[in-house]
Amino acid sequence: AARLGSSSECCTLKKALNKLISKTSTSPRARTHSEPLYVISLERYGRDPDFEIRFPDVISMSESLFDATITDGDCKIRVSMDPSVNRLISKNKLHCGSVIRNVEFSRGEDNDEDGGSFHVCNLEVDRLCGGDAALRALSSVNVRSIPWMGGNSNAGPLRARRSSYLPLWNNQDFYGEVWRDTPPSEHGPEEDDSEDGREDTRSTVSLSVIRRRFLNGSRRFPGVLCVRILHKYRLMYYGKTDQKCECPYKAELLVGDGSSSACVVLWNTLCLDWLRILQPGQVVKLSRYRVKESYNSRSGQESEPQIEISLNSRNPPAQISIIPKNQISPDWLLPDLPHTFICGQELPCCPHGHICDVIGVVIFIGRSERVRSQDGQRSELEEYRWLQLEGRTSDRPIMIKLFSTSQPDIQSRIYPMALLVSTRLKLIRSAMDRSTSFEYLTNTSLTQVYCTGTGSQPMMPYKGVRPVRQFLQWLKQVDEGSMLERAVIGGYFSYPPLPVSLHTFMENRQGGAGLISGGEMKLECERMNYRERQRFTIQCVITAACYHHREDSGRTQYTDLPSAPLSPRVPRQRQGSEPHRTTMKRKLFSSGPTTHRKRLAPPLQPPAIEEDTERDFSLFDGAMEFLVGECDNDSSDEDDDGDFSTPPTSPLTSRLGLLRVAIETLPRVFCYERRHIQAAAVGMQANSFHKLLPQRELESFSPASCYTGYFTLTMRALSDGVTLDVIFLPAVPGNLHWTSLPLSHDNSWESVLSHGGFSPHVPPPSPADLITKADQLTNQRLLCVLEACALGGEKVELVLNRAFPLR
């Protein structure tokens with residue numbers, strides 16, 4: 001642990017960095033040794049054209065650079081990180097709260113562009129301390145009050161000419177205190193330009209007049225615009241490694257008056273000043289703008305030429321002001337906000353690609369994940385979450401795959417039982433077969449989200465429209481207790497369901513990746529970044545399986561180290577046994593009969609929420625084990641307990657996946673009293689110490705009632721013998737989270753795997769029944785659809801979505 005409160009002579013940072021500051025030092029670098037340092041913030045920014053000058057010995061494919069704040073408990077300092085450690089950050093091996101040792105520092109010259117800032121050239125992440133080591137070591141210290149070494153900290157990026165930091169995990173949100181939440185002063189400096197100096201005295205003009213003048217070739221300033229904001233686009237970050245723009249942001253607004261509509265574009269620092277402030281429904285006055293041909297017209301996406309209003313911070317500096325409601329003139333004939341609210345019952349009648357608005361009560365919000373999308377010439381990771389809403393037609397919930405809408409202060413705090421409005425969503429219809437399809441909604445570039453409990457109600461522009469009033473009337477009749485029982489947060493979730501036949505699945509792949517070998521899949525998973533999700537198809541045979549009860553799955557299984565204290569008012573886990581040392585399963589490859597026998601597991605029925613604190617676990621109590629040999633003449637022997645034994649696989653066999661379910665995989669019961677902590681616990685890794693939660697925090701919430709247990713399947717890739725450890729969460733009738741498909745089948749192993757769960761028309765089989773049917777999988781070649789998600793560090797979750805038999 002750090003020597004908190006020690007004298008400056010013992011301060012690890014000062015001892016190391018004073019060597020670099022000293023004029024007598026001849027070494028350009030200094031290194032700490034075994035003393036721990038703690039990362040208490042981590043911030044990202046885009047590199048610029050001077051990258052090769054600052055890092056002449058580094059070849060980096062990453063467009064990002066990172067600054068960190070590190071402390072030893074006595075002082076703290078902001079440092080830039082060498083690009084060689086970027087991979088540790090992108091995989092969440094190095095994160096806020098990490099313990100680092102053997103840190104090697106260098107320092108820029110006082111007269112260079114870096115201003116003599118310190119740079120971390122190399123480091124070692126101490127993974128043996130666990131992810132909570134910094135929380136434990138600094139638990140008695142006010143981190144914000146730790147003094148800065150040198151007396152101050154540079155607020156901006158250290159190794160690039162950028163004016164602001166980026167969010168840690170996406171490029172679509174804003175981040176940092178430089179983004180204003182109040183309008184800037186209207187009496188700022190003005191340019192001494194006679195043409196621009198007179199413009200505020202000119203009369204108001206309409207968009208149609210501006211467009212006509214522009215198309216006629218006039219470039220004179222046309223007057224003042226008074227328009228209503230109809231829609232707000234997602235923020236665009238266009239920074240590139242070969243661009244020197246310090247604030248490469250672009251924000252667009254769709255505005256209208258009584259004559260026409262047009263796009264208003266805010267460039268660069270105007271985005272920092274106005275993005276958070278300007279909202280749909282507001283009326284704004286614009287002056288000192290430029291008129292250009294719209295991007296869609298230039299790119300040929302519009303048949304008729306259109307204009308856009310360009311606002312810059314200079315040449316000329318644009319003027320923006322929000323007009324209060326009592327000063328809006330009826331002579332302006334401003335349009336009302338457009339809205340197309342629909343309910344869940346209407347979704348099946350809407351065409352694919354239909355644009356709509358929705359309102360409902362959130363009953364499920366999933367964990368944050370990322371998916372790679374191709375944005376022009378760049379491949380970016382986009383962050384998303386699954387939401388499920390209930391509205392006036394509660395028998396037809398609304399599924400939303402919600403990507404970032406440049407509203408991080410709202411989206412990070414969405415939780416179940418909140419009222420949510422989401423606008424300008426696009427309907428996606430996925431056909432499972434010719435007669436069955438599933439619908440869900442996802443973002444457009446104009447999507448905006450408003451949610452209770454996040455401070456967004458005052459700006460919500462749809463309060464008075466009829467569908468919203470009808471929803472609020474319905475809400476008065478809702479049984480809140482019943483809805484609260486169904487509320488779920490976090491965990492693995494996949495939607496829409498895949499087809500149940502191999503032929504239909506192959507037809508509907510829509511150009512997705514084809515079959516992959518085990519080695520290729522392992523390599524792809526090693527390349528995945530934190531919370532990145534990918535889908536793979538691979539040919540396998542199942543060699544072992546095990547069923548795990550709900551009571552066994554709510555605790556972490558990856559470390560025996562002590563954890564940091566949980567947040568206040570957290571009910572502790574069961575204290576009757578050591579949660580990290582519990583034996584989870586019998587040896588599959590036993591050499592003799594088992595001497596102690598217990599009853600087989602009961603059928604898969606939702607258990608009570610309360611946990612039995614007196615019960616110790618053994619796999620006999622949980623269930624189902626079997627082994628499947630490769631050949632018909634396999635010398636497997638069945639013991640008295642239903643075990644199937646076979647020689648063990650080679651210890652050198654390459655493996656991928658987790659032997660036990662991860663805590664991030666399980667959906668959790670929603671706890672309203674601790675909703676804000678719970679919302680943060682299922683989110684992405686925090687980038688600052690005051691937002692950091694103990695790793696055990698998520699375990700303090702019980703698994704949701706929809707979760708009854710899971711299967712672990714050991715699979716062997718037919719291509720090269722790579723072993724895959726896969727989680728299978730079968731859909732069970734009555735489970736509203738993992739819903740069974742409306743298709744009957746015989747509940748054989750082949751049917752269960754191809755349907756993703758049990759038949760909805762008959763009771764599900766018990767694990768004991770499945771044991772007796774284990775021979776159904778003997779030598780069965782399967783085409784498996786696996787969902788892979790990198791959970792951080794070396795953890796890669798593999799969940800079986802479908803397994804189609806190959807004839």
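Reply: First, a cut-off that we'll need all the way through: a residue is buried under 20% relative accessible area, exposed over 50% and partly exposed in between, using a 1.4 Å probe and protein chains only. Keep in mind that this is a predicted model, where local features need pLDDT of at least 70 and side-chain atom pairs count only at pLDDT 80 or more, while totals for chains, interfaces and linings use all residues. Residues are numbered from 1 along each chain as its sequence is written, and side-chain values use heavy atoms, with hydrogens and water left out.

Of its 807 residues, 54% are buried. There are 17 helices and 31 strands, taken as DSSP runs numbered from the N terminus (H or I for helices, at least four residues; E for strands, at least two). If you take the contacts (heavy atoms within 4.5 Å) between residues at least 6 apart in sequence, 73% of them join residues at least 24 apart. The chain exposes about 36,700 Å², and carbon and sulfur atoms supply 49% of that; the areas come from the Shrake-Rupley method with a 1.4 Å probe, and for residues only the protein chains shown count as cover.

Now the rings. A pair of aromatic rings is described by the distance of the centres and the angle of the planes. Here, rings of Phe, Tyr and Trp (its six-membered ring) pair if their centres lie within 6.5 Å; planes under 30 degrees apart are stacked, over 60 edge-to-face, and the rest tilted. The structure holds 24 such pairs. One of them is Y238 with W267, an edge-to-face pair at 6.1 Å centre to centre and 80° between the planes. That pair bridges distant parts of the chain, 29 residues apart: Y238 sits in the loop between β9 (236-237) and β10 (249-256), and W267 in strand β11. Y238 counts as buried because its relative accessible area is 18%, and W267 is buried too, with a value of 18%.

Then there's F711 with F728, a tilted pair at 6.1 Å centre to centre and 35° between the planes. This pair also links distant parts of the chain, joining F711 in strand β28 (residues 709-717) to F728 in strand β29 (residues 723-728), 17 residues apart. Both F711 and F728 are buried.

Elsewhere, F364, W386, F438, Y440, F493 and Y495 form one aromatic cluster. Two rings also have a charge over the face (NZ of Lys or CZ of Arg within 6 Å of the ring centre and within 35 degrees of the ring normal): R47 lies over F51 at 4.3 Å from the ring centre, and K250 lies over Y295 at 5.8 Å.

On to the backbone. Y495, from that aromatic cluster, is joined to P496 by a cis peptide bond with omega about -5°. P496 is in the loop between β23 (488-489) and α12 (502-507). The bond from N315 to P316 is cis as well, with omega near -10°, and P316 lies in the loop between β14 (307-311) and β15 (319-322).

On the phi side, N268 has a positive value of about 55° without being a glycine. N268 is in the loop between β11 (261-267) and α7 (269-274), and is partly exposed, at 21% relative accessible area. N92 has a positive phi too, near 65°, in the loop between α3 (86-90) and β5 (99-107); N92 is buried, at 9%.

Two more side chains deserve a look. T71, in strand β3 (residues 64-71), is buried, with a relative accessible area of 0%. Its side chain reaches the backbone oxygen of C75 at 2.7 Å. Leaving out residues up to four places away in sequence, T71 touches L13, L37, Y38, I40, K76, L138 and I146.

R655, in strand β26 (residues 655-657), is partly exposed at 38%. The side chain of R655 makes a polar contact with the side chain of D725 at 2.6 Å; that term means N or O atoms within 3.5 Å, and within protein one must be able to donate a hydrogen and the other to accept it, with residues adjacent in sequence counting only if both atoms are side-chain atoms. The C-alpha atoms of R655 and V722 are 5.9 Å apart, although 67 residues separate them along the chain.
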